[in-house]
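Hello, and thanks for passing this model along. Here are my notes as numbered points, with the cut-offs given as each term comes up.

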Amino acid sequence: MHAREETGFPKRLSNRQQSALGACQSALMSKEPLRQQRAPRRGPGRQYMSANAYINRIATAIPEHEVHQFYLRYAASMLCSDRRKLFERMAGLAGIDHRFSCFAPALDPEGPSVDLGGIFKRGAFPGTAARMAMFAEAAPTLAQKGVDGLHLGNEASRITHLIVTTCTGFSAPGIDLDLVQRCGLADGVERTMIGFMGCYAAVNGLKLARHIVRSDPGARVLLVNIEICTLHIRETTELEKLLCFCLWGDGCAASIVTAEPPGIELDSFRCAVVNEQRELMTWDIRDQGFDMVLSGKVPAAVQEALRSNRDAILAGRAPEAIDLWAVHPGGRSIVDAVERAFELEPAALEPSREVLRQYGNMSSPTVMFVMEKMLKKPGGLLGCGMSFGPGLTAETMLFRTVS
């Protein structure tokens with residue numbers, strides 16, 4: 001009897017309880033899911049009816065120095081003639097035409113220094129402390145360039161949350177506080193740093209932004225993905241490491257996520273981790289900078305992980321039901337692996353291949369460069385996005401374009 005009294009309804013419902021019950025009854029009668037019902041907006045301004053999260057805008061930015069051919073020639077200069085020919089042949093298959101760096105290259109790729117400033121001298125590359133000082137100077141500038149592309153104006157003071165992802169450098173006070181000052185954000189903005197997750201961090205950033213907006217429909221989230229990958233050039237004669245470095249460029253993406261359409265509705269997220277393959281991709285802090293291990297076995301592992309988790313990733317849909325694919329172009333072979341895993345037509349991944357051609361792999365911002373292209377698509381299309389990184393991990397999401 002006592003338990004029944006604790007779980008039973010009170011004899012008289014309060015006004016708030018009556019309102020909630022009425023909303024439930026309306027939802028049942030209209031056969032609409034509860035998550036589609038109106039949620040009150042917190043704070044000043046008009047009321048609106050949404051508990052969904054939308055990417056309203058995406059802006060991308062790159063530094064001024066184009067370095068792809070320079071770095072190819074530098075890398076080749078580290079090898080003997082026979083290995084150099086092999087390197088040039090393999091690098092030519094990467095599907096990359098341009099990469100950009102915050103640091104001006106030297107005049108001669110075979111000269112005594114790799115950069116114009118003379119910091120990366122042959123035989124005496126800087127240690128991690130010096131590289132972090134360079135990051136602390138370069139990253140906020142490029143991040144601001146990305147945010148400026150959103151043209152926030154007076155909207156900057158209305159940003160309630162700031163999320164920053166990066167895996168290429170650390171400092172404190174960090175980029176988050178730099179952006180607050182540089183971009184006119186409120187001092188009380190809620191800040192979150194997502195660090196050292198690698199290329200898939202942008203998807204986790206979107207996941208967090210969605211949680212924030214769905215729990216507080218009045219929130220306006222600024223997501224900034226900023227990476228200075230070229231900072232971690234290494235002096236080595238290992239062919240695999242030289243080929244790996246020739247994938248990377250610097251870049252930034254900035255996005256606004258709110259509960260207000262139009263834009264890209266973030267529908268759901270799914271993560272797949274292949275623990276037994278974790279040694280295939282690693283990103284470690286060493287005395288001479290950050291060290292990337294990227295095995296040639298990664299594409300096959302990614303393909304198998306996606307194929308075995310295909311139903312979960314696509315929520316039971318056939319790949320033919322997906323209109324748009326926003327795949328992180330970690331390299332040509334990675335894009336090829338996704339194409340094979342889902343048995344896609346070559347044109348399906350052309351946006352990813354175009355980003356790879358124009359910018360290389362910029363780590364976390366790269367998939368957002370692809371998502372920027374999705375924002376230009378008409379409404380009513382279903383999309384699948386994904387990024388890959390250490391773990392071996394695939395972070396995936398489903399989204400819809402809303403006009």
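1. Helices and strands here are DSSP runs, numbered from the N terminus: a helix is a run of H or I with at least four residues, and a strand a run of E with at least two. By that rule, Glu354 lies in helix α12, which covers residues 350-359. The protein chain as a whole has 13 helices and 13 strands.

2. A word on conventions: this is a predicted model, in which local features need pLDDT of at least 70 and side-chain atom pairs count only at pLDDT 80 or more, while totals for chains, interfaces and linings use all residues. Residues are numbered from 1 along each chain as its sequence is written, and side-chain values use heavy atoms, with hydrogens and water left out.

3. For burial, the classes are buried (under 20% relative accessible area), exposed (over 50%) and partly exposed in between, with a 1.4 Å probe and protein chains only. Of the 403 residues in the protein chain, 53% count as buried. Glu354 counts as partly exposed because its relative accessibility is 25%. The C-alpha atom of Glu354 is separated by 9.1 Å from that of Pro329, 25 residues apart along the chain.

4. The accessible surface of the protein chain is about 18,700 Å², and 51% of that belongs to carbon and sulfur atoms. These areas come from the Shrake-Rupley method with a 1.4 Å probe; for residues, only the protein chains shown count as cover.

5. Now the sheet. Two strands are called paired if DSSP finds at least two bridges between them. An open sheet of 9 strands runs in the order β5-β4-β6-β7-β1-β8-β13-β12-β11, with mixed pairing. Its edge strands, β5 (190-195) and β11 (324-327), each pair on one side only. At the β5 end, β4 (residues 161-166) pairs with β5 in the parallel sense over 6 bridges, and Ile163 stands opposite Thr192 in β5.

6. Which residues have the most contacts inside the largest nonpolar core? They are Phe87, Leu222, Val224, Ile226, Leu306, Trp325 and Phe342, in a core of 92 residues. Helix α5 (residues 128-148) gives the largest share of this core, 8 residues. Apart from it lies another core, of 35 residues, among them Ile58, Ile194, Ile264 and Met371. A nonpolar core here is a set of buried Ala, Val, Leu, Ile, Met, Phe, Trp, Tyr and Cys residues joined through side-chain atoms within 4.5 Å.

7. Contact means heavy atoms within 4.5 Å. Leaving aside neighbours within four places in sequence, the contacts of Ile226 include Ala139, Leu142, Val164, Ile175, Cys252 and Pro365. Across the protein chain, 77% of the contacts with a separation of 6 or more are between residues 24 or more positions apart.

8. Helix α9 (residues 298-308) has several buried residues, including Val298, Pro299, Val302 and Leu306. The buried residues of α9 pack against β9 (281-286), β10 (289-294), α10 (310-313), α11 (332-341), β12 (382-389) and β13 (393-402). Gln303 also lies in α9, and counts as buried because its relative accessible area is 14%. Beyond its neighbours within four places in sequence, Gln303 is in contact with Ala337, Arg340 and Ala341.

9. Finally, the cysteines. With a disulfide taken as a pair of cysteine sulfur atoms within 2.5 Å, the structure holds 0 disulfides. For Cys183, the nearest cysteine sulfur is that of Cys252, 9.4 Å away. Cys183 counts as buried at 13% relative accessibility, and Cys384 is buried with a relative accessible area of 0%.
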